[in-house]
Amino acid sequence: MRVHARNLHELSTRQRLGGIELYEKGYGKDAAHIAKDAVVHAAQRGFDVVLIDTAGRRHNDARLMSSLEKFAQLARPDKILMVGEALVGTDSVAQARAFDGAFGPKRGIDGFIISKCDTVGEMVGVLVSMVHATGVPVVFWGVGQMYGDLRTVNVESVVGLLMS
């Protein structure tokens, strides 16, 4: 995460986009409370956006997934995006459903970011399956290794790939 924060800081400085800070409290701590504290810290410092990474959660690990409901209750995020990989294939539907239900009965995810779409060529079935199974849209898809390689999803181009 430090690498991403450093890269984003350099990018924001070059583009004169404002400040970026990394709020961290180390490993082994309660992630939900850290997320809540980060939101409070950001508000006190005048930040408009807080990105919270809950990485490392496998949808079939009940212990790790169970903490996401507490996270949603304490941090009260405006948007929750699940980042998945296009390479996952048929397991993507199970992942999507598990994450969508993990934040509690009154809170699901708001969108998907699907990475590594450039490695699967014209096979966009993963995207369609995830959306169909959950009713949650794909917001961005990654087509490379750089920050600029995130693309908004254009329905016409996805349909074109499916029909080709």
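Helices (at least four residues) and strands (at least two) are runs assigned by DSSP and numbered from the N terminus. Read along the sequence in these terms, the protein follows the pattern α-α-α-β-α-β-α-β-β-α, with 6 helices and 4 strands.

**Begin with confidence.** The model is predicted, and its pLDDT averages 80, with 79% of the residues scoring at least 70. Colour the chain by this score and select helix H1, residues 2-15: among the elements, H1 has the lowest mean pLDDT, 65, while H2 has the highest, 90.

**Select the four strands.** They form an open sheet with mixed pairing, in the order E1-E2-E3-E4.

**Focus on E2 and E3.** Strand E2 (residues 111-115) pairs with strand E3 (residues 138-142) in the parallel sense, over 3 bridges. Display Ile-113 and then its bridge partner in E3, Phe-140.

Residues 125-134 make up H5, which lies across E1, E2 and E3 and runs at about 160° to E2.

**Move to helix H4.** Which residues of H4 are buried? They are Ser-92, Val-93, Gln-95, Ala-96, Phe-99, Asp-100 and Ala-102. Just after H4, Gly-104 takes a positive phi of about 115°.

**Now show the interior.** Of the 164 residues of the protein, 29% count as buried. The largest nonpolar core has 26 residues, and those with the most contacts inside it are Phe-103, Ile-109, Phe-112, Ile-114, Leu-127 and Met-130. At least two core residues come from each of helix H2 (31-44), helix H3 (62-75), H4, E2, H5 and E3. H3 gives the largest share, 5 residues.

**Finish at Ile-114.** Leaving aside residues up to four places away in sequence, Ile-114 touches Gly-84, Glu-85, Ala-86, Leu-127, Met-130, Val-138, Phe-140, Trp-141 and Gly-142. For the protein as a whole, 61% of the contacts between residues at least 6 apart in sequence join residues at least 24 apart.

Conventions:
Residues are numbered from 1 along each chain as its sequence is written. This is a predicted model: local features need pLDDT of at least 70, side-chain atom pairs count only at pLDDT 80 or more; totals for chains, interfaces and linings use all residues. Side-chain values use heavy atoms; hydrogens and water are left out. Two strands pair if DSSP finds at least two bridges between them. Contact means heavy atoms within 4.5 Å. Axes are lines fitted to C-alpha atoms, for helices over the stretch in contact, and angles run from 0 to 180 degrees between N-to-C directions. Buried means under 20% relative accessible area, exposed over 50%, partly exposed in between (1.4 Å probe, protein chains only). A nonpolar core is a set of buried Ala, Val, Leu, Ile, Met, Phe, Trp, Tyr and Cys residues joined through side-chain atoms within 4.5 Å. pLDDT is the predictor's confidence in each residue, from 0 to 100.
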